[in-house]
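Look at the model first.

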Amino acid sequence: MRSAGADVPDEMAGADGIDETSGPAGADRVPEPAAGGACHQEARDAAGPPDGDAGPQPRVTTIELFFDLVFAFTLTQLTALLADEASLTALAQVLLIFTLIWWMYAGYAWLTNARPPVRSAERLLLLVGMAGLLIVGLAIPAGFSSNGVPLGLGYLVVVLVHATLYFRVNRNILRIAPFSIASALLIIAAGIVSRPAGSHRPAVYALWILAVVIQLGSPLIVHPRGLFGLRPAHIVERHTALVIVALGESGAAVGIGAAQLADRVGGMSTGLVAVTLLGLALSAALWWALFGGNEDEQAERALTGADSGRRTAVILNAYFYAHTPLLLGVIAVAAAIDCSIPAATPPSAEPTAAAIALAAGTVALLAGDIAFRRLLRIGRGRLRMVAAAAAAATVGAGLSAGLPAQMALLAAILIAMIAAERRFKPSADGDLPGASAAGVAAG
(Lines give C-alpha, C1' and ligand atoms only; values in the text may rest on other atoms or scores of the structure.)
Protein backbone atom coordinates (compact mmCIF):
# COMPACT_ATOMS: atom_id res chain seq x y z
CA MET A 1 0.00 0.00 0.00
CA ARG A 2 1.51 3.32 -0.99
CA SER A 3 1.27 6.56 0.89
CA ALA A 4 -1.75 8.80 0.81
CA GLY A 5 -0.15 11.15 -1.62
CA ALA A 6 0.94 8.54 -4.13
CA ASP A 7 -0.94 7.39 -7.17
CA VAL A 8 -2.46 3.96 -6.91
CA PRO A 9 -0.58 1.71 -9.33
CA ASP A 10 -2.26 0.11 -12.28
CA GLU A 11 -1.51 -3.28 -10.75
CA MET A 12 -4.19 -2.63 -8.13
CA ALA A 13 -6.70 -2.24 -10.91
CA GLY A 14 -5.91 -5.68 -12.21
CA ALA A 15 -3.35 -4.91 -14.93
CA ASP A 16 -0.18 -6.99 -14.82
CA GLY A 17 -0.63 -7.50 -11.11
CA ILE A 18 -3.04 -9.55 -9.06
CA ASP A 19 -4.63 -12.23 -11.17
CA GLU A 20 -8.18 -11.18 -11.90
CA THR A 21 -9.33 -14.77 -11.83
CA SER A 22 -8.37 -15.40 -8.23
CA GLY A 23 -9.37 -13.79 -4.97
CA PRO A 24 -9.10 -14.03 -1.22
CA ALA A 25 -9.19 -17.42 0.39
CA GLY A 26 -10.32 -19.39 -2.56
CA ALA A 27 -12.62 -17.03 -4.40
CA ASP A 28 -11.47 -18.57 -7.63
CA ARG A 29 -12.95 -19.46 -10.95
CA VAL A 30 -13.75 -22.69 -12.70
CA PRO A 31 -11.76 -23.53 -15.84
CA GLU A 32 -13.30 -22.25 -19.06
CA PRO A 33 -15.18 -25.09 -20.78
CA ALA A 34 -13.96 -25.67 -24.31
CA ALA A 35 -17.21 -27.22 -25.45
CA GLY A 36 -20.51 -28.54 -24.19
CA GLY A 37 -20.97 -31.72 -22.26
CA ALA A 38 -22.02 -32.96 -18.87
CA CYS A 39 -18.67 -32.45 -17.19
CA HIS A 40 -18.46 -28.83 -18.40
CA GLN A 41 -22.02 -28.15 -17.32
CA GLU A 42 -21.14 -29.55 -13.89
CA ALA A 43 -18.20 -27.14 -13.70
CA ARG A 44 -20.42 -24.22 -14.63
CA ASP A 45 -22.95 -25.22 -11.99
CA ALA A 46 -20.19 -25.42 -9.37
CA ALA A 47 -18.98 -21.93 -10.23
CA GLY A 48 -22.33 -20.25 -9.72
CA PRO A 49 -23.67 -17.53 -12.01
CA PRO A 50 -21.18 -16.38 -14.64
CA ASP A 51 -22.04 -12.72 -14.29
CA GLY A 52 -22.33 -10.79 -11.06
CA ASP A 53 -25.52 -9.18 -12.37
CA ALA A 54 -27.23 -12.48 -13.23
CA GLY A 55 -30.32 -13.15 -11.13
CA PRO A 56 -31.55 -11.15 -8.13
CA GLN A 57 -28.99 -9.24 -6.09
CA PRO A 58 -28.60 -10.94 -2.67
CA ARG A 59 -28.51 -8.80 0.44
CA VAL A 60 -26.53 -9.39 3.59
CA THR A 61 -28.26 -11.90 5.88
CA THR A 62 -28.52 -11.58 9.63
CA ILE A 63 -26.20 -14.51 10.24
CA GLU A 64 -23.53 -12.73 8.18
CA LEU A 65 -23.90 -9.70 10.44
CA PHE A 66 -23.57 -12.08 13.39
CA PHE A 67 -20.33 -13.34 11.82
CA ASP A 68 -19.12 -9.75 11.42
CA LEU A 69 -19.67 -9.06 15.11
CA VAL A 70 -17.40 -11.97 16.01
CA PHE A 71 -14.80 -10.74 13.52
CA ALA A 72 -15.06 -7.25 15.05
CA PHE A 73 -14.28 -8.84 18.42
CA THR A 74 -10.95 -10.03 17.02
CA LEU A 75 -10.27 -6.44 15.91
CA THR A 76 -10.93 -5.15 19.44
CA GLN A 77 -8.53 -7.80 20.75
CA LEU A 78 -5.89 -6.52 18.35
CA THR A 79 -6.66 -3.00 19.57
CA ALA A 80 -6.16 -4.11 23.17
CA LEU A 81 -2.90 -5.85 22.25
CA LEU A 82 -1.54 -2.68 20.66
CA ALA A 83 -2.77 -0.50 23.53
CA ASP A 84 -1.35 -2.73 26.27
CA GLU A 85 2.08 -3.04 24.67
CA ALA A 86 2.84 -0.09 22.43
CA SER A 87 5.99 -1.49 20.82
CA LEU A 88 7.32 -2.67 17.48
CA THR A 89 6.86 -6.26 18.67
CA ALA A 90 3.17 -5.68 19.36
CA LEU A 91 2.81 -3.90 16.01
CA ALA A 92 4.37 -6.87 14.20
CA GLN A 93 2.01 -9.26 15.97
CA VAL A 94 -1.02 -7.15 15.07
CA LEU A 95 0.00 -6.99 11.41
CA LEU A 96 0.60 -10.75 11.14
CA ILE A 97 -2.59 -11.79 12.93
CA PHE A 98 -4.72 -9.23 11.13
CA THR A 99 -3.42 -10.26 7.70
CA LEU A 100 -4.46 -13.88 8.18
CA ILE A 101 -7.90 -13.28 9.68
CA TRP A 102 -8.71 -10.47 7.22
CA TRP A 103 -7.83 -12.81 4.33
CA MET A 104 -10.24 -15.43 5.60
CA TYR A 105 -12.93 -12.83 6.31
CA ALA A 106 -12.73 -11.83 2.65
CA GLY A 107 -13.02 -15.49 1.72
CA TYR A 108 -16.22 -15.85 3.75
CA ALA A 109 -17.64 -12.63 2.25
CA TRP A 110 -17.04 -13.96 -1.26
CA LEU A 111 -18.52 -17.30 -0.27
CA THR A 112 -21.79 -15.87 1.02
CA ASN A 113 -21.90 -13.60 -2.02
CA ALA A 114 -21.96 -16.69 -4.24
CA ARG A 115 -24.65 -18.40 -2.17
CA PRO A 116 -26.31 -16.87 0.91
CA PRO A 117 -26.38 -19.18 3.96
CA VAL A 118 -30.12 -19.81 4.05
CA ARG A 119 -30.10 -23.58 4.65
CA SER A 120 -29.85 -24.97 8.16
CA ALA A 121 -26.77 -27.08 7.41
CA GLU A 122 -24.93 -24.08 5.96
CA ARG A 123 -25.88 -21.92 8.91
CA LEU A 124 -24.70 -24.52 11.39
CA LEU A 125 -21.37 -24.83 9.61
CA LEU A 126 -21.04 -21.06 9.56
CA LEU A 127 -21.63 -21.02 13.31
CA VAL A 128 -18.83 -23.55 13.70
CA GLY A 129 -16.58 -21.23 11.69
CA MET A 130 -17.60 -18.37 14.00
CA ALA A 131 -16.65 -20.51 16.98
CA GLY A 132 -13.20 -21.01 15.49
CA LEU A 133 -12.89 -17.25 14.91
CA LEU A 134 -13.96 -16.60 18.50
CA ILE A 135 -11.20 -18.92 19.73
CA VAL A 136 -8.73 -16.97 17.60
CA GLY A 137 -9.93 -13.73 19.17
CA LEU A 138 -9.67 -15.07 22.71
CA ALA A 139 -6.12 -16.33 22.04
CA ILE A 140 -4.82 -13.07 20.51
CA PRO A 141 -3.37 -11.48 23.70
CA ALA A 142 -0.90 -14.36 24.08
CA GLY A 143 -1.04 -15.63 20.52
CA PHE A 144 2.73 -15.57 20.12
CA SER A 145 3.40 -17.37 23.40
CA SER A 146 1.16 -19.53 25.59
CA ASN A 147 -1.97 -19.26 23.41
CA GLY A 148 -0.26 -20.02 20.11
CA VAL A 149 -1.67 -23.52 19.75
CA PRO A 150 -5.31 -22.55 20.53
CA LEU A 151 -5.02 -19.67 18.07
CA GLY A 152 -3.74 -22.02 15.37
CA LEU A 153 -6.43 -24.59 16.07
CA GLY A 154 -9.14 -21.93 15.92
CA TYR A 155 -7.78 -20.69 12.61
CA LEU A 156 -7.71 -24.26 11.28
CA VAL A 157 -11.42 -24.59 12.11
CA VAL A 158 -12.12 -21.33 10.24
CA VAL A 159 -10.20 -22.60 7.21
CA LEU A 160 -11.79 -26.06 7.14
CA VAL A 161 -15.34 -24.72 7.49
CA HIS A 162 -14.70 -22.24 4.69
CA ALA A 163 -13.35 -24.98 2.41
CA THR A 164 -16.31 -27.25 3.19
CA LEU A 165 -18.90 -24.57 2.47
CA TYR A 166 -17.08 -23.27 -0.57
CA PHE A 167 -16.85 -26.76 -2.07
CA ARG A 168 -20.65 -26.69 -2.35
CA VAL A 169 -20.36 -23.58 -4.54
CA ASN A 170 -17.08 -23.97 -6.39
CA ARG A 171 -15.15 -27.23 -6.32
CA ASN A 172 -11.91 -25.55 -7.33
CA ILE A 173 -11.54 -24.59 -3.67
CA LEU A 174 -9.68 -27.91 -3.41
CA ARG A 175 -6.84 -26.24 -5.31
CA ILE A 176 -6.66 -23.32 -2.86
CA ALA A 177 -7.56 -24.92 0.47
CA PRO A 178 -4.17 -26.68 0.91
CA PHE A 179 -2.48 -23.28 1.16
CA SER A 180 -4.86 -22.14 3.88
CA ILE A 181 -4.52 -25.43 5.74
CA ALA A 182 -0.72 -25.21 5.52
CA SER A 183 -0.87 -21.71 7.00
CA ALA A 184 -3.00 -22.91 9.90
CA LEU A 185 -0.62 -25.82 10.56
CA LEU A 186 2.32 -23.41 10.58
CA ILE A 187 0.55 -21.28 13.21
CA ILE A 188 -0.01 -24.38 15.32
CA ALA A 189 3.67 -25.25 14.91
CA ALA A 190 4.60 -21.72 16.02
CA GLY A 191 2.49 -22.24 19.14
CA ILE A 192 4.26 -25.52 19.87
CA VAL A 193 7.66 -23.87 19.46
CA SER A 194 6.78 -20.99 21.79
CA ARG A 195 5.18 -23.10 24.49
CA PRO A 196 8.33 -24.52 26.18
CA ALA A 197 9.86 -21.08 26.64
CA GLY A 198 6.60 -19.29 27.26
CA SER A 199 8.01 -16.24 25.51
CA HIS A 200 8.57 -14.85 22.04
CA ARG A 201 11.22 -16.62 19.99
CA PRO A 202 12.59 -15.80 16.52
CA ALA A 203 11.41 -19.17 15.18
CA VAL A 204 7.84 -18.27 16.14
CA TYR A 205 7.90 -15.14 14.01
CA ALA A 206 9.58 -16.99 11.17
CA LEU A 207 6.75 -19.54 11.12
CA TRP A 208 4.13 -16.80 11.24
CA ILE A 209 5.72 -14.90 8.37
CA LEU A 210 5.89 -18.09 6.33
CA ALA A 211 2.20 -18.74 7.05
CA VAL A 212 1.25 -15.26 5.83
CA VAL A 213 3.42 -15.57 2.71
CA ILE A 214 1.86 -18.93 1.83
CA GLN A 215 -1.66 -17.65 2.39
CA LEU A 216 -1.31 -14.42 0.44
CA GLY A 217 0.84 -16.01 -2.24
CA SER A 218 -1.64 -18.73 -3.12
CA PRO A 219 -3.24 -16.80 -6.04
CA LEU A 220 0.21 -16.29 -7.53
CA ILE A 221 0.86 -20.04 -7.58
CA VAL A 222 -2.58 -21.32 -8.55
CA HIS A 223 -4.04 -19.48 -11.54
CA PRO A 224 -7.53 -20.94 -12.11
CA ARG A 225 -9.24 -19.70 -15.26
CA GLY A 226 -12.92 -19.66 -16.09
CA LEU A 227 -16.17 -18.29 -14.80
CA PHE A 228 -16.80 -16.45 -11.55
CA GLY A 229 -19.06 -13.54 -10.75
CA LEU A 230 -19.49 -11.28 -7.74
CA ARG A 231 -22.67 -9.36 -7.03
CA PRO A 232 -21.89 -5.71 -6.23
CA ALA A 233 -24.80 -4.94 -3.87
CA HIS A 234 -23.86 -7.68 -1.41
CA ILE A 235 -20.12 -6.92 -1.46
CA VAL A 236 -20.68 -3.21 -0.81
CA GLU A 237 -23.25 -3.77 1.93
CA ARG A 238 -21.16 -6.42 3.69
CA HIS A 239 -17.95 -4.39 3.84
CA THR A 240 -19.74 -1.16 4.72
CA ALA A 241 -21.42 -2.89 7.64
CA LEU A 242 -18.08 -4.34 8.77
CA VAL A 243 -16.34 -0.97 8.89
CA ILE A 244 -19.26 0.58 10.79
CA VAL A 245 -19.26 -2.33 13.25
CA ALA A 246 -15.49 -2.01 13.68
CA LEU A 247 -15.81 1.71 14.45
CA GLY A 248 -18.67 1.01 16.83
CA GLU A 249 -16.88 -1.83 18.62
CA SER A 250 -13.81 0.35 19.07
CA GLY A 251 -15.94 3.12 20.52
CA ALA A 252 -17.63 0.64 22.86
CA ALA A 253 -14.23 -0.62 24.03
CA VAL A 254 -13.18 2.95 24.85
CA GLY A 255 -16.41 3.47 26.78
CA ILE A 256 -15.81 0.28 28.77
CA GLY A 257 -12.27 1.41 29.56
CA ALA A 258 -13.52 4.81 30.73
CA ALA A 259 -16.15 3.17 32.95
CA GLN A 260 -13.57 0.87 34.53
CA LEU A 261 -11.24 3.80 35.20
CA ALA A 262 -14.09 5.75 36.77
CA ASP A 263 -14.75 2.84 39.13
CA ARG A 264 -11.08 2.72 40.16
CA VAL A 265 -10.72 6.43 40.84
CA GLY A 266 -14.09 6.78 42.56
CA GLY A 267 -16.21 8.50 39.94
CA MET A 268 -16.30 10.41 36.70
CA SER A 269 -14.04 13.41 36.41
CA THR A 270 -14.26 16.36 34.04
CA GLY A 271 -11.08 15.24 32.31
CA LEU A 272 -12.36 11.70 31.82
CA VAL A 273 -15.64 12.92 30.34
CA ALA A 274 -13.79 15.29 28.03
CA VAL A 275 -11.41 12.60 26.74
CA THR A 276 -14.27 10.16 26.17
CA LEU A 277 -16.28 12.73 24.23
CA LEU A 278 -13.21 13.67 22.18
CA GLY A 279 -12.76 10.00 21.31
CA LEU A 280 -16.39 9.83 20.21
CA ALA A 281 -15.99 13.02 18.17
CA LEU A 282 -12.93 11.62 16.38
CA SER A 283 -14.69 8.32 15.64
CA ALA A 284 -17.73 10.22 14.34
CA ALA A 285 -15.50 12.35 12.10
CA LEU A 286 -13.89 9.20 10.71
CA TRP A 287 -17.32 7.72 10.00
CA TRP A 288 -18.43 10.91 8.28
CA ALA A 289 -15.29 10.95 6.17
CA LEU A 290 -15.92 7.38 5.02
CA PHE A 291 -19.70 7.34 4.59
CA GLY A 292 -21.07 10.87 4.97
CA GLY A 293 -21.35 11.38 1.22
CA ASN A 294 -23.28 8.17 0.49
CA GLU A 295 -20.09 6.52 -0.72
CA ASP A 296 -21.61 3.06 -0.35
CA GLU A 297 -24.34 3.90 -2.88
CA GLN A 298 -21.81 5.42 -5.25
CA ALA A 299 -19.57 2.35 -4.93
CA GLU A 300 -22.47 0.01 -5.73
CA ARG A 301 -23.39 2.01 -8.82
CA ALA A 302 -19.77 2.10 -9.94
CA LEU A 303 -19.35 -1.68 -9.57
CA THR A 304 -22.68 -2.38 -11.25
CA GLY A 305 -21.62 -0.26 -14.22
CA ALA A 306 -18.22 -1.93 -14.44
CA ASP A 307 -17.43 -4.50 -17.10
CA SER A 308 -18.21 -7.92 -15.66
CA GLY A 309 -14.85 -9.27 -16.83
CA ARG A 310 -12.98 -6.75 -14.67
CA ARG A 311 -15.37 -6.46 -11.75
CA THR A 312 -13.79 -9.28 -9.73
CA ALA A 313 -10.36 -7.62 -9.88
CA VAL A 314 -11.80 -4.21 -8.96
CA ILE A 315 -13.62 -5.70 -5.95
CA LEU A 316 -10.50 -7.58 -4.85
CA ASN A 317 -8.36 -4.46 -5.01
CA ALA A 318 -10.91 -2.02 -3.57
CA TYR A 319 -12.46 -4.15 -0.86
CA PHE A 320 -9.47 -6.24 0.20
CA TYR A 321 -6.21 -4.44 -0.50
CA ALA A 322 -7.44 -0.85 -0.08
CA HIS A 323 -9.47 -1.80 3.00
CA THR A 324 -6.39 -3.33 4.66
CA PRO A 325 -4.78 -0.01 5.72
CA LEU A 326 -8.24 1.40 6.39
CA LEU A 327 -9.07 -1.24 9.01
CA LEU A 328 -5.55 -1.19 10.43
CA GLY A 329 -6.06 2.55 10.85
CA VAL A 330 -9.24 1.91 12.83
CA ILE A 331 -7.31 -0.46 15.10
CA ALA A 332 -4.46 2.01 15.64
CA VAL A 333 -6.76 4.97 16.34
CA ALA A 334 -8.85 2.92 18.77
CA ALA A 335 -5.70 1.75 20.57
CA ALA A 336 -4.45 5.33 20.88
CA ILE A 337 -7.80 6.57 22.19
CA ASP A 338 -7.78 3.71 24.68
CA CYS A 339 -4.33 4.87 25.83
CA SER A 340 -5.66 8.41 26.23
CA ILE A 341 -8.23 7.33 28.83
CA PRO A 342 -5.69 6.82 31.66
CA ALA A 343 -4.07 10.13 30.65
CA ALA A 344 -7.21 11.89 31.88
CA THR A 345 -6.32 10.92 35.45
CA PRO A 346 -2.86 11.74 36.85
CA PRO A 347 -0.28 10.41 36.88
CA SER A 348 -0.42 9.91 33.10
CA ALA A 349 1.82 7.63 31.08
CA GLU A 350 4.31 8.69 28.42
CA PRO A 351 2.20 9.54 25.35
CA THR A 352 4.86 9.04 22.66
CA ALA A 353 3.68 5.70 21.27
CA ALA A 354 0.01 6.65 21.56
CA ALA A 355 0.57 9.98 19.78
CA ILE A 356 2.33 8.22 16.92
CA ALA A 357 -0.41 5.56 16.73
CA LEU A 358 -3.14 8.21 16.71
CA ALA A 359 -1.57 10.10 13.82
CA ALA A 360 -0.42 7.01 11.89
CA GLY A 361 -3.81 5.33 12.27
CA THR A 362 -5.62 8.35 10.85
CA VAL A 363 -3.15 8.57 7.98
CA ALA A 364 -3.52 4.84 7.22
CA LEU A 365 -7.31 5.09 7.24
CA LEU A 366 -7.27 8.06 4.88
CA ALA A 367 -4.70 6.38 2.63
CA GLY A 368 -6.88 3.29 2.31
CA ASP A 369 -9.93 5.44 1.63
CA ILE A 370 -8.06 7.43 -1.04
CA ALA A 371 -6.99 4.22 -2.77
CA PHE A 372 -10.55 2.88 -2.54
CA ARG A 373 -12.00 6.03 -4.13
CA ARG A 374 -9.40 6.07 -6.89
CA LEU A 375 -10.04 2.43 -7.74
CA LEU A 376 -13.79 2.99 -8.03
CA ARG A 377 -13.42 6.54 -9.34
CA ILE A 378 -16.02 7.91 -6.98
CA GLY A 379 -14.20 11.10 -6.04
CA ARG A 380 -10.95 12.99 -6.02
CA GLY A 381 -8.59 12.51 -3.12
CA ARG A 382 -6.51 15.69 -3.16
CA LEU A 383 -8.12 17.22 -0.09
CA ARG A 384 -7.81 13.90 1.70
CA MET A 385 -4.12 13.79 0.86
CA VAL A 386 -3.75 17.23 2.42
CA ALA A 387 -5.71 16.06 5.47
CA ALA A 388 -3.49 12.97 5.77
CA ALA A 389 -0.36 15.15 5.71
CA ALA A 390 -1.87 17.42 8.36
CA ALA A 391 -2.80 14.41 10.47
CA ALA A 392 0.77 13.12 10.35
CA ALA A 393 1.96 16.48 11.69
CA THR A 394 -0.21 16.21 14.81
CA VAL A 395 2.31 13.98 16.56
CA GLY A 396 4.03 17.08 17.90
CA ALA A 397 0.78 18.35 19.37
CA GLY A 398 0.22 15.04 21.10
CA LEU A 399 3.70 15.08 22.62
CA SER A 400 3.62 18.72 23.72
CA ALA A 401 -0.02 19.36 24.60
CA GLY A 402 -1.25 15.82 25.31
CA LEU A 403 -3.40 13.20 23.61
CA PRO A 404 -6.74 15.01 24.19
CA ALA A 405 -5.41 18.04 22.34
CA GLN A 406 -4.20 15.82 19.49
CA MET A 407 -7.60 14.12 19.24
CA ALA A 408 -9.32 17.50 19.10
CA LEU A 409 -6.91 18.64 16.38
CA LEU A 410 -7.45 15.48 14.31
CA ALA A 411 -11.22 15.82 14.59
CA ALA A 412 -10.91 19.46 13.47
CA ILE A 413 -8.76 18.46 10.48
CA LEU A 414 -11.29 15.85 9.38
CA ILE A 415 -14.22 18.23 9.84
CA ALA A 416 -12.42 20.89 7.80
CA MET A 417 -11.70 18.33 5.09
CA ILE A 418 -15.34 17.24 4.93
CA ALA A 419 -16.56 20.84 4.81
CA ALA A 420 -14.06 21.76 2.10
CA GLU A 421 -15.08 18.77 -0.01
CA ARG A 422 -18.73 19.77 0.20
CA ARG A 423 -17.87 23.38 -0.59
CA PHE A 424 -15.57 22.73 -3.56
CA LYS A 425 -17.14 19.60 -4.99
CA PRO A 426 -16.90 19.89 -8.81
CA SER A 427 -20.08 19.76 -10.82
CA ALA A 428 -18.64 17.31 -13.35
CA ASP A 429 -16.05 14.83 -12.17
CA GLY A 430 -15.74 11.36 -10.74
CA ASP A 431 -17.97 12.27 -7.78
CA LEU A 432 -21.03 11.98 -10.02
CA PRO A 433 -22.58 8.50 -9.93
CA GLY A 434 -22.88 8.27 -13.70
CA ALA A 435 -19.28 9.31 -14.24
CA SER A 436 -18.13 6.86 -11.57
CA ALA A 437 -19.77 3.87 -13.19
CA ALA A 438 -18.59 4.86 -16.62
CA GLY A 439 -15.06 5.39 -15.34
CA VAL A 440 -14.81 1.94 -13.78
CA ALA A 441 -16.38 0.31 -16.80
CA ALA A 442 -14.00 2.08 -19.15
CA GLY A 443 -11.02 1.37 -16.92
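Is aspartate 369 buried or exposed? Aspartate 369 is buried, with a relative accessible area of 3%. Buried means under 20% relative accessible area, exposed over 50%, and partly exposed in between, with a 1.4 Å probe and protein chains only.

This is a predicted model: local features need pLDDT of at least 70, side-chain atom pairs count only at pLDDT 80 or more, and totals for chains, interfaces and linings use all residues. Residues are numbered from 1 along each chain as its sequence is written, and side-chain values use heavy atoms, leaving out hydrogens and water.

The whole structure holds 9 salt bridges. A salt bridge is a side-chain nitrogen of Lys or Arg within 4 Å of a carboxyl oxygen of Asp or Glu. Three of them are listed here.

| Salt bridge | N to O distance |
|---|---|
| Arginine 59 – glutamate 237 | 3.1 Å |
| Arginine 238 – aspartate 68 | 3.0 Å |
| Aspartate 369 – arginine 384 | 2.5 Å |

Arginine 59 is partly exposed at 43%. Glutamate 237 is partly exposed at 29%. Arginine 238 and aspartate 68 are both buried. Arginine 384 is buried too, at 2%. Salt bridges with shared partners join Glu295, Asp369, Arg373, Arg384 and Glu421 into one network.

Now the helix pair. α14 (residues 382-392) packs on α16 (residues 403-423) at about 170°, axes 10 Å apart. Axes are lines fitted to C-alpha atoms over the stretch in contact, and angles run from 0 to 180 degrees between N-to-C directions. Helices are DSSP runs (H or I, at least four residues), numbered from the N terminus. The two are therefore roughly antiparallel, the term for angles over 145 degrees.

Note on methods:
Parallel < 35°, antiparallel > 145°, perpendicular 65-115°, else oblique.
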